[in-house]
Amino acid sequence: MPNDYLLKQAGPWTRRKFFKFGIASLGVIGAAVAWERFSKPRAVVNIPPIPSRSLAAVGMNPMLLLRDFDYGSLKRENGRTIREFHIKAETSTLQLNRAVSFISWHLNGRVPGPTLRANAGDRVRVVFSNQAGHSHSLHFHGVHPADADGVRPVRHGTTEVYEFDAEPYGLHLYHCHIAPVTRHIGKGMYGMFIVDPPGGRPPADEQVMIMAGYDVNDDDQNELYAFNGLPDYYMNYPIPIGQDQRIRLYVLNMIELDPAVTFHLHANFFDVYRTGMTLTPSERTDVITMGTAERHILEFSYRYPGKYMFHPHQDAIAERGCMGQFEVVASS
Ligand SMILES: [Cu+2]
């Protein structure tokens, strides 16, 4: 994605922009991709339309990050498929709310960075260009050789290429690993790395949900928190989902400076696929505890229409921006 996609975007979404970025993010293409991935025909997932008012916000738009998956570009080299991703680090101001602006270090113009997605066993190549003014790096979770571990500084104005196999399948992450890592992650340098299992997972309305904290006054404490970059966004703009539709939530805790948080869903229970590394759920609950960098796939569907909140049950954190809601739209 170009970096004017989110952070530097000002003004209303034009029809062209809506179709360029919006449709892919609204799950239409996602559903088509999901459809392609399965050989047997299955029911198509019903994803309600996004209200236009939630797309009218200027600046970064978490509604568009929610269902935006970057599959990279496929290349064939020496008889092997390479999935190539391009990531650019830059620095700019992120408006967290009406009162607070924050100098953010970010990837491809967005916080969180792009959600990279590959199939288990793909050869992955990540071309990382650092234009952010400081040294940064990309450290991926997964299994790979030491020289692809992403802990060496990549100086401003230079490019580093990380190459490794996508394994094991599961819900992973990447982040800058330059000290102090707490500060580099807190500034926005992190993202999700999904490795799909062979054959994929059953069709669902798939969404990315990353919790993060902002230390806005450099006192080593978070004053604001957010799902997908902006405090309270999904409270102000609830996420429309379909009644009785399978929702697959990829949840990652990227909150630095607090040791752990929980994730709680109202009026429901969810199946937990720990670290996304199983195809059958390990438990069913309505609250799960996650340390920093812990992540799980949660699946659920809503029986009744209406609005339902989700948030960490550390309510001080929830009340400082890490709060959102689903709006379940009745099936006609
Ligand atoms: Cu960094």
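1. Basis. This is a predicted model, in which local features need pLDDT of at least 70 and side-chain atom pairs count only at pLDDT 80 or more, while totals for chains, interfaces and linings use all residues. Residues are numbered from 1 along each chain as its sequence is written.

2. Cis peptide bonds. The bond from valine 111 to proline 112 is cis, with omega near -5 degrees, and proline 112 sits in the loop between β4 (101-107) and β5 (115-119); strands here are DSSP runs of E of at least two residues, numbered from the N terminus. Glutamate 167 and proline 168 are likewise joined by a cis peptide bond, with omega about -10 degrees, and proline 168 is placed in the loop between β8 (159-165) and β9 (170-175).

3. Positive phi values. Asparagine 78, in the loop between β2 (73-77) and β3 (80-95), has a phi near 50 degrees, a positive value in a residue other than glycine. Asparagine 78 is exposed, with 6 other C-beta atoms within 10 Å. Alanine 293, which is not a glycine either, has a positive phi of about 80 degrees and lies in the loop between β18 (287-291) and β19 (295-300); alanine 293 is partly exposed, with 16 other C-beta atoms within 10 Å. On this scale a residue is buried at 20 or more other C-beta atoms within 10 Å of its own, exposed at 12 or fewer, and partly exposed in between, with C-beta atoms placed from the backbone.

4. An open sheet. Five strands follow the order β13-β21-β20-β15-β18 with mixed pairing, where two strands pair if DSSP finds at least two bridges between them. Because β13 (239-242) and β18 each have a single partner strand, they stand at the edges, and one side of each is left without a neighbour in the sheet. The twist averages 25 degrees from one strand to the next, taken between axes that are lines fitted to C-alpha atoms, with angles running from 0 to 180 degrees between N-to-C directions.

5. Pairing of β15 and β20. Strands β15 (residues 260-265) and β20 (residues 306-311) run antiparallel and are joined by 2 bridges; histidine 264 has histidine 311 in β20 as its bridge partner.

6. Tyrosine 250. Setting aside neighbours within four places in sequence, tyrosine 250 is in contact with residues including Leu171, Met192, Glu206 and Ile297, a contact being two C-beta atoms, placed from the backbone, within 7 Å.

Definitions and conventions: Helix = DSSP H or I, 4+ residues; strand = E, 2+ residues; numbered from the N terminus.
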